[in-house]
Amino acid sequence: MRTQVGQIELRNPKDHEDTKDFTFDAIYDENSTQSDLYEETFRDLVDSVLNGYNATIFAYGQTGTGKTHTMEGKSDDPQQRGVIYKCIEHIFEHMAASHNQEEYLVRASYLEIYQEEIRDLLEAESNKKLEIKERPDGGVYVKDLTSRLTRSIAEIQDVMIRGNAHRSVGWVSPN
Ligand SMILES: Nc1ncnc2c1ncn2[C@@H]1O[C@H](COP(=O)(O)OP(=O)(O)OP(=O)(O)O)[C@@H](O)[C@H]1O
């Protein structure tokens, strides 16, 4: 891995001369920290949300490749906190620093797509299958997905704990 230039070289184990290079905007190796990832790749994205744009952070990969580690990490260890916690801290710090010059409303939803079906993890009756719809003016949305008004980091953490308890795929509390 050549992290400085965002390149990964794959080598054919049967022929070491046979290599292929893949170039990405950024890559992270075993020496990278949660903080490196957030500061270099995600902070600007969240800043753009605070300026009124939309953004998505999407973790994709085979089982065991580190999606949960990257997105959630361990909430009780500041060095191990993942992207979600860092985003929440960033958003609430920004709001606290704005001294009421702007008004913000933070809402949180939590859904699961599992075996091609969408479920609302914040609904007690979360077995209801939801549908993806499209509005001509508003883009793609999930019909009937609920959202909670969240006024603090603790309230968003409550939403996550509640949602995690309803996930189909095993989830172990980071605490
Ligand atoms: N960058 C990393 N540094 C240290 N440990 C890691 C890292 N990435 C993943 N791990 C560890 O590897 C294991 C698997 O990672 P994780 O659970 O995040 O994978 P996943 O992609 O979410 O898997 P699944 O799709 O099965 O839920 C965990 O024990 C996790 O703590």
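**Briefing: contacts, core and ligand shell of a predicted model**

Among contacts in the protein chain between residues at least 6 apart in sequence, 45% join residues at least 24 apart; two residues are in contact if their C-beta atoms, placed from the backbone, lie within 7 Å. This is a predicted model, in which local features need pLDDT of at least 70 and side-chain atom pairs count only at pLDDT 80 or more, while totals for chains, interfaces and linings use all residues. Residues are numbered from 1 along each chain as its sequence is written.

**Overall architecture**

- The protein chain contains four helices and eight strands; these are DSSP runs numbered from the N terminus, with helices (H or I) of at least four residues and strands (E) of at least two.
- Along the sequence, the elements of the protein chain follow the pattern β-β-α-α-α-β-β-β-β-β-β-α.
- Taken along the principal axes, the C-alpha atoms of the protein chain fill a box of roughly 55 × 40 × 40 Å.
- The protein chain is divided into domain 1 (1–30), domain 2 (33–102) and domain 3 (105–168), with bounds that come from an automatic or database domain assignment.
- Between the C-alpha centres of domain 1 and domain 2 the distance is 27 Å.

**Burial and the nonpolar core**

- Of the 175 residues of the protein chain, 10% count as buried; a residue is buried if 20 or more other C-beta atoms lie within 10 Å of its own, exposed if 12 or fewer, and partly exposed in between, with C-beta atoms placed from the backbone.
- Seven residues make up the largest nonpolar core: Tyr38, Val46, Val83, Tyr85, Cys87, Ile88 and Ile156. Such a core is a set of buried Ala, Val, Leu, Ile, Met, Phe, Trp, Tyr and Cys residues joined through C-beta atoms within 7 Å.
- Helix H1 (34–50) and helix H3 (83–97) each supply at least two residues of this core, and the largest share, four residues, comes from H3.
- In soluble globular proteins, nonpolar side chains tend to be buried together.
- Not counting residues up to four places away in sequence, tyrosine 85 touches Gly73 and Ser75.

**Ligand surroundings**

- The residues around the ligand are Gly61, Thr63, Gly64, Thr65, Gly66, Lys67, Thr68 and His69, where a residue counts as near if its C-beta atom, placed from the backbone, lies within 6 Å.
- This shell has no nonpolar, seven polar and one charged residues; Ala, Val, Leu, Ile, Met, Phe, Trp, Tyr, Cys and Pro count as nonpolar, Asp, Glu, Lys and Arg as charged, and the others, Gly among them, as polar.
- An unreviewed UniProt entry lists Gly61, Gln62, Thr63, Gly64, Thr65, Gly66, Lys67 and Thr68 under "binding site". UniProt positions are given in the numbering used here, feature names are shortened, and annotations may be inferred rather than shown by experiment.
- Threonine 63 is found in the loop between H1 and helix H2 (67–71) and is exposed, because 6 other C-beta atoms lie within 10 Å.
- Lysine 67 is found in helix H2 and counts as partly exposed because it has 15 C-beta neighbours inside 10 Å.
- Lysine 67 touches Ala59 and Gly61, not counting residues up to four places away in sequence.

**Other individual residues**

- Glutamine 34 is found in helix H1 and counts as buried, because it has 21 C-beta neighbours inside 10 Å.
- Glutamine 34 touches Gly73, Gln79, Gln80, Arg81 and Gly82, not counting residues up to four places away in sequence.
- Glutamine 34 and threonine 70 are 36 residues apart in sequence and 7.1 Å apart in space, C-alpha to C-alpha.
- Aspartate 77 is found in the loop between H2 and H3 and is exposed, because 10 other C-beta atoms lie within 10 Å.
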